[in-house]
Amino acid sequence: DGYPGLVAAPVRVGDADVVSLLRVGDRIDLVAADPQGLQASVVAEGVPVLALPQPDREAAFEDTGSTAGRLVIVAVPEASAVEIAQAGVSSYISVVIRR
């Protein structure tokens, strides 16, 4: 309710240690970087952090590849959610903290 016109979008950030620096309410930029290092682009700017789900302790010890990084829930315009989801499956997502 606090973010009218926005939807909640889950984003897996590649570096779990960076996510540990975040707090609910922080404003962040989401940066999608090509895994081969060819290019990077900002896919969302100044989006608020809505939630920081705690990782499943057992899954954190498994090396499945799907649990890499850590999940962050952000509020974004609905049209941006599709671009962010696409970037999440083709790029390494990192954040810039605006606070």
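This is a predicted model: local features need pLDDT of at least 70, side-chain atom pairs count only at pLDDT 80 or more; totals for chains, interfaces and linings use all residues.

Reader: Is Glu-45 buried or exposed?

Author: Glu-45 is exposed, because its relative accessibility is 61% and the cut-off for exposed is over 50%.

Reader: What does charge have to do with pairing?

Author: Opposite charges on side chains can pair when the charged atoms come close. Here, the side chain of Glu-45 forms a salt bridge with that of Arg-98, at 3.8 Å from N to O. This pair links distant parts of the chain. Glu-45 sits in strand E3, residues 40–51. Arg-98 is in the segment after E5. They are 53 residues apart.

Reader: How many salt bridges are there?

Author: The count is two. In the other, Asp-29 and Arg-98 join through their side chains, with 2.6 Å from N to O. Asp-29 belongs to strand E2 (residues 27–33), and Arg-98 follows strand E5 (92–97), so this bridge ties together parts 69 residues apart in sequence.

Reader: Why does Asp-29 count as buried?

Author: Its relative accessibility is 8%, and buried means under 20%.

Reader: And what about Arg-98?

Author: Arg-98 is partly exposed, with a relative accessibility of 46%.

Reader: Which residues do the shared partners join into one network?

Author: Asp-29, Glu-45 and Arg-98. Arg-98 pairs with Asp-29 and also with Glu-45.

Note on methods:
Residues are numbered from 1 along each chain as its sequence is written. Side-chain values use heavy atoms; hydrogens and water are left out. A salt bridge is a side-chain nitrogen of Lys or Arg within 4 Å of a carboxyl oxygen of Asp or Glu. Helices (H or I, at least four residues) and strands (E, at least two) are DSSP runs, numbered from the N terminus. Buried means under 20% relative accessible area, exposed over 50%, partly exposed in between (1.4 Å probe, protein chains only).
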